[in-house]
Amino acid sequence: MLRTEGLGYWYQDKEQPLFQDINLEFEEGQSYAILGHSGTGKTTFLSLIAGLDKPREGDIFLNDRSLKQIGLTNYRRHDVAIVFQAYNLFNYMSPLNNLLTAMAITNASHAGDRGYAQRVLNDLGIGDDLITRNVQRLSGGQQQRVAIARTMCCDAKLVVADEPTGNLDEDNTKEVIDQFQRIAHEQGKCVIIVTHEPDVAARCDHQYRLENKQFVQLG
Amino acid sequence: MNFFKRAWLNVWAKKGRSVLLILVSSAILMFVLAGLLIRSAAVKATETAKTDAGATMTLSANRQAAFKKIQSSSSSSSSTSSRPKLTLTPVKLSDAKSIANLSNIKSYNVTSSTTANAKSYDTVSTSTGMGGNSSGGPGMKSTSSSSGDTQIDGVTSTALTTDFTDSQSKITKGRGIKASDKGTNNVVIEKELASQNNLTVGDTMTIKETTGSKSTLKVKVVGIYKASSTSSASAGPMSTDPANTIYASYTLANTIKGSKYAGTADSVTFNVTNPAKASATKKAGNKLISSKYSLSTDDSSYQSIKASMNNVEGFANKIVWLVAIAGTIILALIVILMIRERRFEIGVLLSLGEARWKIVAQFFTEMLMVIVIALAIAGVGGKFVGNQLGSQLVSQSTTTQTTSSSTSGQPGGSGQPGGSGSSGMHGGAGGPGSTTSSAKTKNPDLEIAVSAVDLAELGGFGLAITFLSIMIASGGILRLEPKKVLIS
Ligand SMILES: Nc1ncnc2c1ncn2[C@@H]1O[C@H](COP(=O)(O)OP(=O)(O)OP(=O)(O)O)[C@@H](O)[C@H]1O
Ligand SMILES: [Mg+2]
């Protein structure tokens, strides 16, 4: 589904790229974990496949169409959903409105369907008492689940997450990873998670480690 | 329009911040409105000044031309012993009528002055008070042999003379001279003269001509007026006591002067409808008359009101623009700070594939909601601020105004020829309607009222300020890299 060809990126110095000549393939219905030491360029790599930045070298293809061809804004709107470590939600809205807003912007098939958004939230353990409350009055774990619910109710087939469990405790981490697995296996989407934690990585279908400017498959 | 909903949710959820923004915007708009209100009040005051202050145009003999004639004749015939005499041609009423037909002329007043001697009554000769002293002692009375002791001011209508329009003189009994008094022997006499001779409305009195056949004439008192003391002060030392001035129709004055003065006048004063076009009217009028006559305009009171209102208007304009610019800068700074604080939200919107212009539109809509409420508050408060500022401005411009009008004011009014005609009756400068117009110049109060036009204009300014401040601040949105949300 998603393929990188000769992908390379550097910030200032071309002679010191973060990674170079990366050829990887990500499939629908599968989950991928990307591990690596701090500062190796995991987030940078994710920003490229999320369409938040352009590669310096090589190209990324979605179903054999180049992201350049699709256009980054268009790609972000329709093809990819992102979960950040924090500040995922519009802090002036309820969980319900966060979902409805995302569905409206991405022009999702369920756009405007409150009942659907409500069901997705309920499914992730956000009860009716919470869905109309301002998101700032939700716990970190609850907020992260709302962020995951947002990716679930949008049509994008690719879900990327940067340290989605970085701020969560053990129980919440387990819960959040279970949901990502459901997205991959039940919704048939492609999930790519950047993480520090080996436990989290172990629960994904595939693991890669970024070291020495290359991605090494672990399992 | 999803950004509209987001804007509303944001404004509603962050009430504290919204209220703060509303207060800041209200303060800015209030000063903008105050400026707008003062400006429109100044414009309106200038409009009213046109009708209230008015302007006059006077047709009289051309003194300059007459002087030139003397000079040339004296140089050519220097050998002859006869002294050259200044002869001023009386104004022809037919000329006046054709000028009166010009579109900008509202009404006109014919003045013809002469003197006569009292026959059936005694003139007021006492020098009571300061005015009497300055007008000279009793010895002054018979300085000019051809001059009588009673001043006859012939007019079309007393209501049209400046003495009466300025309320320097007032009718206390009966009525003033009207246009219909033309051809009659009706007169209006001063209160002091009336009481001294036990005269009242309906009585008749007899006067005696000073020239020609020196025949006597019976005149009928139709009204009594009271002259203010200021008019006596303005009268020259040659003139008789102001109480001896009798108003009559100009036809009566002409009759006393002699038969060749029929259909003439010393001068004719035209009331101009639109003072702003006074000089154009003068130009048009000059085409209708010969060079023996001259037309002079007096729109000084209109000009001085206009000048001071222009001052106020200019100042108000400066307020409007300064506040608008300062307000835009202040709001832009606030929005820039707001955008920095909301960069994660913007990043999430961008990561969802939202168009950047829609994000700018959301911020604009948020500010617009704030501005709409601020407009309502400013609409109420602006009137108050405008009233305070307006009265301050007017009092300030009045003081600067008085000094400027004293230099620009024409001395002795509009060059009214006091004793014109060959008989040269009285040499005083104080003919009818010759009071200096600068004395009555009074600045109108600014009427501060919030009209729909003002509010619409304020709305325009509010919109422009909002739009500009968002445009200035939106650079931050347009430059923001969505990747920044990931790497915080
Ligand atoms: N805007 C930037 N300009 C220059 N260098 C940058 C920029 N952003 C990141 N870097 C550098 O690029 C390298 C990779 O950063 P990146 O955030 O991708 O690492 P990471 O693997 O996600 O690290 P972590 O595990 O700590 O999140 C780091 O050394 C970082 O300092
Ligand atoms: Mg990172």
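Visitor: What should I know before we start?

Guide: This is a predicted model, where local features need pLDDT of at least 70, side-chain atom pairs count only at pLDDT 80 or more, and totals for chains, interfaces and linings use all residues. Residues are numbered from 1 along each chain as its sequence is written, chains are lettered from A and ligands numbered from 1 in the order in which they are written, and side-chain values use heavy atoms, with hydrogens and water left out.

Visitor: Why is the site of ligand 1 called shared between chains?

Guide: A residue is near a molecule if one of its heavy atoms lies within 4 Å of it. Residues from chains A and B surround ligand 1, so the site is shared. There are 14 residues around the ligand, and A:Ser38, A:Gly39, A:Lys42, A:Thr43 and A:Thr44 come nearest.

Visitor: What kinds of residue make up the shell around ligand 1?

Guide: The shell has 3 nonpolar, 9 polar and 2 charged residues. Here Ala, Val, Leu, Ile, Met, Phe, Trp, Tyr, Cys and Pro count as nonpolar, Asp, Glu, Lys and Arg as charged, and the others, Gly among them, as polar.

Visitor: Why is the pair of A:Phe45 and A:Phe215 called tilted?

Guide: Rings of Phe, Tyr and Trp (its six-membered ring) pair if their centres lie within 6.5 Å; planes under 30 degrees apart count as stacked, over 60 as edge-to-face and the rest as tilted. The search finds 17 aromatic pairs over all chains. In this one, the centres are 4.4 Å apart and the planes make 50 degrees, so the pair is tilted. A:Phe45 lies in helix α1 (residues 42-49) of chain A and A:Phe215 in strand β11 (residues 214-217) of chain A, 170 residues apart. Helices (H or I, at least four residues) and strands (E, at least two) are DSSP runs, numbered from the N terminus. Together with A:Phe19, these two form one aromatic cluster.

Visitor: How do you know whether A:Phe45 is buried or exposed?

Guide: Buried means under 20% relative accessible area, exposed over 50%, and partly exposed in between (1.4 Å probe, protein chains only). A:Phe45 has 0%, so this residue counts as buried. A:Phe215, at 11%, is buried as well.

Visitor: What makes you say that the charged end of B:Lys15 sits over a ring?

Guide: The rule asks for NZ of Lys or CZ of Arg within 6 Å of the ring centre and within 35 degrees of the ring normal. The charged end of B:Lys15 sits over the ring of B:Trp12, 4.6 Å from its centre. Likewise, A:Arg56 has its charged end over the ring of A:Tyr9, at 5.1 Å.

Visitor: Why is helix α9 of chain B called mostly covered?

Guide: In this helix (residues 250-257), 7 of the 8 residues are buried, including B:Tyr250 and B:Leu252.
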